[in-house]
Amino acid sequence: MIPKKTLGVLGGMGPAASAEFMVLLTRFAPASCDQEHPKVILLSWPQIPDRTKAILSGGEDPSAYLLEGLNKLVAWGADVLAVPCNTAHYFIDKMKDQIPRPLIHIVESTLEQAKQKSPSGAWLIATKGTIRTGLYQRYANQMGVKLLLPDSEEQDKIQSCIELVKKNDSQAAGRALREILSSLQKKNDVPFIAACTEIPLAFEATGLEDDLMISSLEALAVKCISVIYSDVYNPY
């Protein structure tokens, strides 16, 4: 199949998650040779201010950086856009009307997959910032998806796992995440939504079964591929 559209990816939040996202785009592409893979423009910009700090403790607002990055991608030839960072979508949602091309939304993509995979609900594993904004909760209510939230102590441990991945210590993150997920599973045995793009990287090191995790990175990649190879863009 020949790709119909050029995808612009604003990444670097964090770099390892963005690199894995590019791998997933390659894995899911319906391509039989180099020329049938999608044309992707990646702007990896790790210096975009921390999204969680902006939400929780008055850190610098990343909105202007996000908009600048998306506009650069459009200027470079992107037909559709994607941002493999969940927390960034809190800010993106506030400036939807300023984004000049369709954006494939990571939250909607992930919850679509969660609804199909686990109609009875799923645990929400995310940054403190994403939890605080109610970003996933709001979309879940609209889409009819039941979410279970970790308690504050569990959330602190999840945040630590995310920070370990950003420090390039996925093995330590995996060991810690396995303990947290095992505890949550005892409370309610449903899958986990990796609503932070670092969590799938930590999950790989847990040794747990793949079908326990609904990866936002994978969900976004699958949705991007479906859009890139289609003749008509359907923003859900």
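Predicted model: local features only at pLDDT ≥ 70, side-chain atom pairs only at ≥ 80, totals over all residues.

**Helix packing and its surroundings**

Modeller: Helices α8 and α9 cross in a left-handed manner. Helix α8 covers residues 152-166 and helix α9 covers residues 170-187; their axes lie 8 Å apart, at an angle of about 155°. Angles over 145 degrees count as roughly antiparallel, and α8 and α9 are therefore roughly antiparallel to each other. On the α8 side, the contact is formed by Glu154, Lys157, Ile158, Cys161, Leu164 and Val165. These meet Ser170, Ala172, Ala173, Ala176, Leu177, Glu179, Ile180, Ser183, Leu184 and Lys187 of α9. Sorted by class, the residues of this contact comprise 10 nonpolar, 2 polar and 4 charged.

The loop between α8 and α9 holds asparagine 168. The phi angle of asparagine 168 is near 65°, which is a positive value in a residue other than glycine. Most residues other than glycine have a negative phi.

A further packing involves α5 and α7, whose axes are 10 Å apart and form an angle of about 55°. That angle makes α5 oblique to α7. In passing α7, α5 makes a right-handed crossing. From α5 the contact draws on Ile106, Val107, Glu108, Thr110, Leu111, Glu112 and Lys115, and from α7 on Leu135, Tyr136, Tyr139, Ala140 and Met143. The classes represented are 8 nonpolar, 1 polar and 3 charged residues.

Helix α7, which spans residues 135-143, contains methionine 143. Its neighbours within four places in sequence set aside, methionine 143 is in contact with Glu108, Leu111, Glu112 and Lys115. Although methionine 143 and lysine 115 are 28 residues apart along the chain, 8.3 Å separates their C-alpha atoms.

Next comes the pair α1 and α11. Their axes come within 9 Å and cross at roughly 45°. With that angle, α1 is oblique to α11. The crossing that α1 makes as it passes α11 is right-handed. Ala17, Glu20, Phe21, Leu24, Leu25 and Phe28 of α1 make the contact with Leu217, Glu218, Leu220, Ala221, Val222, Cys224 and Ile225 of α11. This contact of α1 with α11 has 11 nonpolar and 2 charged residues, with no polar ones.

The loop between β1 (7-11) and α1 contains glycine 14. Glycine 14 is joined to methionine 13 by a cis peptide bond, with omega about 0°. Most peptide bonds are trans.

The largest pocket holds about 290 Å³ of space. It is lined by 14 residues, and the closest to its centre are Pro200, Glu204, Asp210, Ser215 and Glu218. Two or more lining residues come from each of α1 (15-28), α5 (106-117), α10 (199-203), β8 (213-215) and α11 (216-228). By class, the lining has 6 nonpolar, 2 polar and 6 charged residues.

To draw the account together, α8 and α9 are roughly antiparallel, α5 is oblique to α7, and α1 is oblique to α11. The crossing is left-handed for α8 and α9, but right-handed for α5 and α7 and for α1 and α11.

Technical notes: Residues numbered from 1 in each chain as written. Heavy atoms only, no water. 1 Å grid on protein atoms, 1.4 Å probe; cavity = no way out; pocket = protein on both sides within 12 Å on 5 of 7 lines; lining within 4 Å. Points joined across faces, edges and corners; volume = space filled by probe spheres on them. Helix = DSSP H or I, 4+ residues; strand = E, 2+ residues; numbered from the N terminus. Nonpolar A, V, L, I, M, F, W, Y, C, P; charged D, E, K, R; others polar. Axes fitted to C-alpha atoms, helices over the stretch in contact; angles between N-to-C directions. Parallel < 35°, antiparallel > 145°, perpendicular 65-115°, else oblique. Left-handed = near helix turned anticlockwise from the far one by under 90°. Contact = heavy atoms within 4.5 Å.
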